[in-house]
Amino acid sequence: MGSIQNKYLITKYLLIASASIAVLVAIASLFGLFSNYPYARETENWKLQARGQDIGNLIAVVILLASALLAKRGSVRAYLIWLGALLYLLYAYVIYAVAVHFNNLFLIYVAVLGLSFYSLLLSLSKGMLNTTVTGGRKFASYTLLGLGVLFGLLWLSEIIPATLAGETPQSIKDAGLWVNPVHVIDLAAVLPAFILTGYLALKNRKAGLFFVAPWLIFAVLMGISIVATTLLMAANGFANTLPPMIMVSVVVTISLYAALRFLRHLKV
């Protein structure tokens with residue numbers, strides 16, 4: 001494991017914030033999985049998506065805490081993994097905070113969202129690491145570029161025909177929402193970030209190399225939550241769950257391999 005200058009280490013306050021996020025997410029996710037109340041007013045489709053996300057969230061907070069502790073000791077690789085877990089939780093709790101009916105967990109959703117946002121902001125305000133890699137850079141870069149293009153086309157293939165027909169996309173109707181927050185966040189922020197990071201990493205630029213691992217870890221965690229969702233849907237009698245489950249499982253496998261290979265060859 002490499003080490004970084006003190007200004008890049010996980011500080012005591014970021015460690016406390018990570019522990020607080022972990023506790024709050026565990027509470028919200030366990031209630032979501034084992035209690036009917038939090039999602040009582042959601043459609044069956046959206047409830048199962050939320051519970052799939054809950055499973056992913058529990059995995060994410062284990063990774064968040066473990067990587068924070070290792071990063072506190074000076075591990076660069078753990079620090080980048082911590083950033084990826086934080087990005088994932090920020091994304092997830094934007095959705096919980098604005099696209100789940102008001103319930104007793106609302107303030108927890110907002111607290112996790114706020115803690116994740118300010119932890120990320122505080123960490124990134126200290127600057128980006130000067131990193132180099134001796135291998136795996138191109139594969140990781142093309143993986144991010146591919147993910148950005150693939151999911152961008154997937155969402156647009158649903159949105160554009162519905163827009164031209166003056167209709168609401170079927171996935172939004174099934175979820176019982178006005179708009180799909182996943183479409184919004186992905187098309188406005190996440191997928192452009194994948195593509196930009198992949199491009200900059202191919203050019204060996206500092207910003208690209210810094211964000212490759214966090215975004216790949218994000219992709220792994222998000223993919224796990226989607227696989228969990230499809231399994232829950234299959235168990236509840238929803239049709240046509242196998243193709244997306246296989247596709248996303250492949251995405252998770254490739255993203256994880258790309259992330260581990262990139263981190264193994266990372267030098268600071």
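Throughout this tour, buried means under 20% relative accessible area, exposed means over 50%, and partly exposed covers what lies in between, with a 1.4 Å probe and protein chains only. The model is predicted, so local features need pLDDT of at least 70 and side-chain atom pairs count only at pLDDT 80 or more, while totals for chains, interfaces and linings use all residues. Residues are numbered from 1 along each chain as its sequence is written, and side-chain values use heavy atoms, with hydrogens and water left out.

Begin by selecting Glu 44 and Lys 47, both of which lie in helix H2 (residues 44–72), three residues apart, about one turn of the helix; helices here are DSSP runs of H or I with at least four residues, numbered from the N terminus. Glu 44 forms a salt bridge with Lys 47, and their closest N and O atoms are 3.1 Å apart, where the term requires a side-chain nitrogen of Lys or Arg within 4 Å of a carboxyl oxygen of Asp or Glu. By this rule the count comes to one salt bridge. Glu 44 counts as partly exposed because its relative accessibility is 36%, whereas Lys 47, at 18%, counts as buried.

Next, select helix H7 (residues 181–202), whose 22 residues should span 32 Å at 1.5 Å a residue, and whose end C-alpha atoms, 30 Å apart, agree with this; the expected span is 1.5 Å times one less than the number of residues. At the start of H7, a side-chain oxygen of Asn 180 reaches to within 2.9 Å of the backbone nitrogen of Val 182. Moving along H7, centre the view on Leu 187, where there is a kink of about 50°, the bend being the angle between axes fitted to the seven residues ending at a residue and the seven starting there.

Just after H7, Asn 204 takes a positive phi of about 65°, and this residue sits in the loop between H7 and helix H8 (206–235). Because its relative accessibility is 48%, Asn 204 counts as partly exposed. Then go to Asn 240, in the loop between H8 and H9, where phi is near 60°, a positive value in a residue other than glycine; at 68% relative accessibility, Asn 240 counts as exposed.

Finally, select Phe 139, Leu 242, Ile 246, Val 250, Ile 254 and Tyr 257, which make a nonpolar surface patch of about 530 Å². Helix H9 (residues 242–264) gives the largest share of this patch, five residues, while Phe 139 belongs to helix H5 (residues 137–165) and counts as partly exposed at 33% relative accessibility. Patches are made of residues with over 30% relative accessible area and no salt bridge, like charges being joined within 9 Å and nonpolar side chains (Val, Leu, Ile, Met, Phe, Trp, Tyr) within 5 Å.

Definitions and conventions
Accessible areas come from the Shrake-Rupley method with a 1.4 Å probe; for residues, only the protein chains shown count as cover. Helices (H or I, at least four residues) and strands (E, at least two) are DSSP runs, numbered from the N terminus. A polar contact is a pair of N or O atoms within 3.5 Å; within protein, one must be able to donate a hydrogen and the other to accept it, and residues adjacent in sequence count only if both atoms are side-chain atoms.
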